Amino acid sequence: MAPHEGKELPAGRELEKLEITKITPLYLVIALETISPSDLGTRYGIVVDDQAAQRAGQRRRQYFVSKGDKKEAFTLANVQGPPDNPTALVLELPDSDKPVEIAKDKAYRRVDGYIADLKYAPDNRSYLNRRVGDRLYIAGEEYTVASINKDEVVLSAKSNGKKYTIKYHPGP
């Protein structure tokens, strides 16, 4: 099946020559790195690796929190076990209805997005590690990566706003 999935293509059907060579999952990983007991209460060093964040500076953030503290990435809702050696920390995430648990030896991890490698053979051009929002220039036309999932990349043409779906056909 053609990669455009029945949608009208630009002159020369150039997007049919664009192929996805790899799609890689991006993870949200939340890990407990340090426990710091003190007279004022125990503080926990929690690192959030958000590989899907658009800007590099937002991808790794460290927080020092106590029970009940709320940050943009999570709320530390509960500490299970002794505060200086907890069996688990219970976190509430702003984009989830279910709390998650982390411990010294157990990080929380989920797929939060994807990056794609694409190749346009006529120009012998590769587009590596493309994220949602990135721009591609193919045969004189500008496209924006509208979405990526494990099976496809959707491009939006700047000239007319039409969306084109490129299917991923991984090798054996």
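Thr-87 is found in the loop between strand 4 (75-80) and strand 5 (88-92), where strands are DSSP runs of E of at least two residues, numbered from the N terminus. The model is predicted, so local features need pLDDT of at least 70 and side-chain atom pairs count only at pLDDT 80 or more, while totals for chains, interfaces and linings use all residues. Residues are numbered from 1 along each chain as its sequence is written, and side-chain values use heavy atoms, with hydrogens and water left out.

**Thr-87**

- Thr-87 counts as exposed, at 55% relative accessibility; exposed means over 50% relative accessible area, buried under 20% and partly exposed in between, with a 1.4 Å probe and protein chains only.
- Beyond residues up to four places away in sequence, Thr-87 touches Gln-80, Gly-81 and Ala-103, a contact being heavy atoms within 4.5 Å.
- Between Thr-87 and Ile-102, 15 residues apart in sequence, the C-alpha to C-alpha distance is 8.6 Å.

**Nonpolar cores**

- The largest nonpolar core has 19 residues, and Leu-18, Ile-138 and Leu-155 have the most contacts inside it. Such a core is a set of buried Ala, Val, Leu, Ile, Met, Phe, Trp, Tyr and Cys residues joined through side-chain atoms within 4.5 Å.
- At least two residues of this core come from each of strand 1 (18-36), strand 7 (108-120), strand 9 (135-138), strand 10 (141-149), strand 11 (152-157) and strand 12 (163-167).
- A second, separate core has 18 residues, including Tyr-44, Leu-89, Leu-93 and Ile-102.
- Apart from neighbours within four places in sequence, the contacts of Leu-155 include Leu-15, Leu-18, Leu-136, Tyr-143, Val-145 and Ile-166.

- Six of the six residues of strand 11 are buried.
- In a regular strand the side chains alternate between the two faces of the sheet.
- In strand 11, Glu-152, Val-154 and Ser-156 on one side and Val-153, Leu-155 and Ala-157 on the other are all buried, so both faces are covered.
- Strand 10 and strand 11 pair in the antiparallel sense over six bridges, pairing requiring that DSSP finds at least two bridges between two strands. The bridge partner of Val-145 in strand 11 is Leu-155, and a hairpin joins the two strands through two residues.
- Strand 11 also pairs with strand 12, in the antiparallel sense, over five bridges; Val-153 has Ile-166 as its bridge partner in strand 12.
- The hairpin of strand 11 and strand 12 has five residues between them, and Gly-161 in the turn has a positive phi of about 75°.
- Ser-156 counts as buried at 15% relative accessibility; among its contacts beyond four places in sequence are Glu-142, Thr-144 and Gly-161.

**Val-47 in strand 2**

- Val-47 lies in strand 2 and is buried, with a relative accessible area of 2%.
- Val-47 and Gln-62 are 4.4 Å apart, C-alpha to C-alpha, and 15 residues apart in sequence.
- Not counting residues up to four places away in sequence, Val-47 touches Val-29, Ile-30, Ala-31, Glu-33, Arg-60, Arg-61 and Gln-62.

**Largest pocket**

- About 160 Å³ of space lies in the largest pocket. On a 1 Å grid over the protein atoms alone, a pocket is an open set of points where a 1.4 Å probe fits, with protein on both sides within 12 Å along at least five of seven lines; lining residues have an atom within 4 Å of a point. Grid points are joined across faces, edges and corners, and the volume is the space filled by probe spheres set on the points.
- The lining includes Leu-28, Val-48, Asp-50, Arg-61, Leu-93 and Arg-110.
- Strand 1, strand 2 (43-50) and strand 7 are the elements that give two or more residues to this lining.
- The lining has six nonpolar, no polar and six charged residues. Ala, Val, Leu, Ile, Met, Phe, Trp, Tyr, Cys and Pro count as nonpolar, Asp, Glu, Lys and Arg as charged, and the others, Gly among them, as polar.

Definitions and conventions: Helices (H or I, at least four residues) and strands (E, at least two) are DSSP runs, numbered from the N terminus.
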